[in-house]
Amino acid sequence: MKKRRKATWLILGIVALAAAGGIIYNREDMHKKVVDYWDEQSDFYSSFTKELTAGTILEKIEDVDSISEDKYAYQGLNEEGKKVYDEILHAMLNHTEKVTVATLDPAVLKLAFEDVSSDYGGLFWVSGYSYTEYTRNEECVSIEFAPKYTMTYDEQKQMQSKIDAAVDEFLSGVSMQDGDYEKAKYVFENLIRQVDYVKDAPDSQNIISVFIGKQTVCQGYASATQYLLNQLNIPSVIVTGSANGEAHAWNLVQLDGAYYYMDTTWGNSTYQNEDEESSKFVNYSYLAFTTEEMEATHTPDDHMALPSCDVLDDNYFVREGYYFTDWQVDAIGELYGQVADNEEHRVALKFATDDLYDRAKKYFIDQKMLENYCDITGNVYYLDDPKQRILTISIK
């Protein structure tokens with residue numbers, strides 16, 4: 001396995017983004033308004049407005065170099081947005097207390113922060129930000145950005161070392177020489193197998209919960225997925241929005257040049273049978289799925305434009321030979337017949353049309369024709385997913 005460089009973007013950021021200067025405002029008629037923005041709440045709260053005292057010095061970053069040209073969300077910003085993105089990323093990487101940014105529009109700052117958070121899943125020491133809006137004669141003349149840090153810089157470095165060690169161990173079973181699909185599948189499977197979904201998990205909004213606590217929620221899964229895929233040179237970005245009416249986070253990934261969606265949280269499924277016994281399993285329906293399939297249950301926010309994902313080449317079912325475009329009853333039956341012998345006692349197949357899906361369900365479930373292809377020694381269960389036309393059969 002080719003040796004990976006740890007936290008490459010973090011090291012480059014500290015080296016490349018070193019330039020800073022200063023600007024002084026000292027007019028007695030200057031005022032400021034402080035507003036908080038929290039990741040978890042995604043809202044603004046006005047705190048107070050008061051007169052700015054004469055002689056106040058505001059730090060101003062000058063000519064910040066970008067380390068994010070290849071990042072998906074960054075590429076969708078205009079020039080003003082990119083500059084602000086670079087400035088606030090520089091501030092967070094260097095644990096800067098506050099800095100004046102190159103915009104007078106709070107909406108530009110908010111968008112840049114959201115896009116930084118989407119492109120960089122590893123910013124575990126930042127939970128949100130506040131900004132101070134300076135005005136003169138009711139006209140904005142400057143905006144100051146202040147990240148909300150959850151730990152000191154020394155604590156951040158110590159935690160990064162622990163995460164680096166955990167990530168090295170996690171990725172020990174995959175090679176940089178593997179293909180894009182194999183890398184994505186490895187990350188998807190092992191996050192699900194090693195990390196549990198727990199609603200009240202500590203640090204659940206960042207990767208500490210994943211690599212240290214082994215318990216997280218959707219934001220932690222999506223952040224860790226992006227972070228790990230980045231280590232494996234797989235382009236990925238965090239997508240936020242809602243799923244079935246609840247706030248949610250998942251990923252957009254690029255495999256072999258085509259875009260797909262990947263929802264590690266929903267891939268972590270629990271099946272409960274009629275005896276109320278539950279078992280956790282990997283649900284491959286949410287590994288490399290399409291825009292059409294996403295839109296059936298997920299609604300992304302509008303802070304970044306998303307591509308049309310309509311390629312199936314690296315879809316799990318296509319790659320593994322579990323996808324059918326016509327009625328091949330014996331081929332389908334032989335695959336379902338493996339349910340009695342495989343390790344998980346579960347087989348999931350995907351069908352290209354509603355008609356094929358309905359035909360398979362009627363034949364193998366309603367008419368109980370599974371018995372023609374295997375010896376059934378337990379109870380037969382099935383998972384019905386007509387939206388993605390995936391029929392899963394299991395024996396317990």
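1. Two strands count as paired here if DSSP finds at least two bridges between them. Keep that in mind for this predicted model, where five strands form an open sheet in the order β15-β12-β11-β10-β16, with antiparallel pairing. The edges are β15 (287-289) and β16 (298-300); each has a single partner strand, so one side of each is left without a neighbour in the sheet. On average, neighbouring strands of this sheet are turned by 45° against each other, ignoring direction.

2. Ser 236 stands opposite Val 253 in β11. The hairpin of β10 and β11 has two residues between the strands, and Asn 244 takes a positive phi there, near 50°.

3. Is β10 enclosed or open to the outside? Six of its eight residues are buried, so β10 is largely enclosed by the rest of the structure. For the protein chain as a whole, buried residues make up 52% of the 396 residues.

4. The helix pair I'd look at is α5 (residues 153-170) with α8 (residues 218-231). Their axes come within 12 Å and cross at roughly 70°. An angle of 65 to 115 degrees counts as roughly perpendicular, which is why α5 is described that way relative to α8. The crossing of α5 and α8 is right-handed.

5. Which residues of α5 and α8 make the contact? From α5 come Gln 160, Ile 163, Asp 164, Val 167 and Phe 170, and from α8 come Tyr 227, Leu 228 and Gln 231. Sorted by class, the contact of α5 with α8 has five nonpolar residues, two polar and one charged.

6. Finally, some whole-chain numbers. The protein chain has 13 helices and 20 strands. Take the contacts in the protein chain between residues at least 6 apart in sequence: 65% of these join residues at least 24 apart.

Terms used
Residues numbered from 1 in each chain as written. Predicted model: local features only at pLDDT ≥ 70, side-chain atom pairs only at ≥ 80, totals over all residues. Heavy atoms only, no water. Axes fitted to C-alpha atoms, helices over the stretch in contact; angles between N-to-C directions. Helix = DSSP H or I, 4+ residues; strand = E, 2+ residues; numbered from the N terminus. Parallel < 35°, antiparallel > 145°, perpendicular 65-115°, else oblique. Left-handed = near helix turned anticlockwise from the far one by under 90°. Contact = heavy atoms within 4.5 Å. Nonpolar A, V, L, I, M, F, W, Y, C, P; charged D, E, K, R; others polar. Buried < 20%, exposed > 50% of the residue type's maximum accessible area, 1.4 Å probe, protein only.
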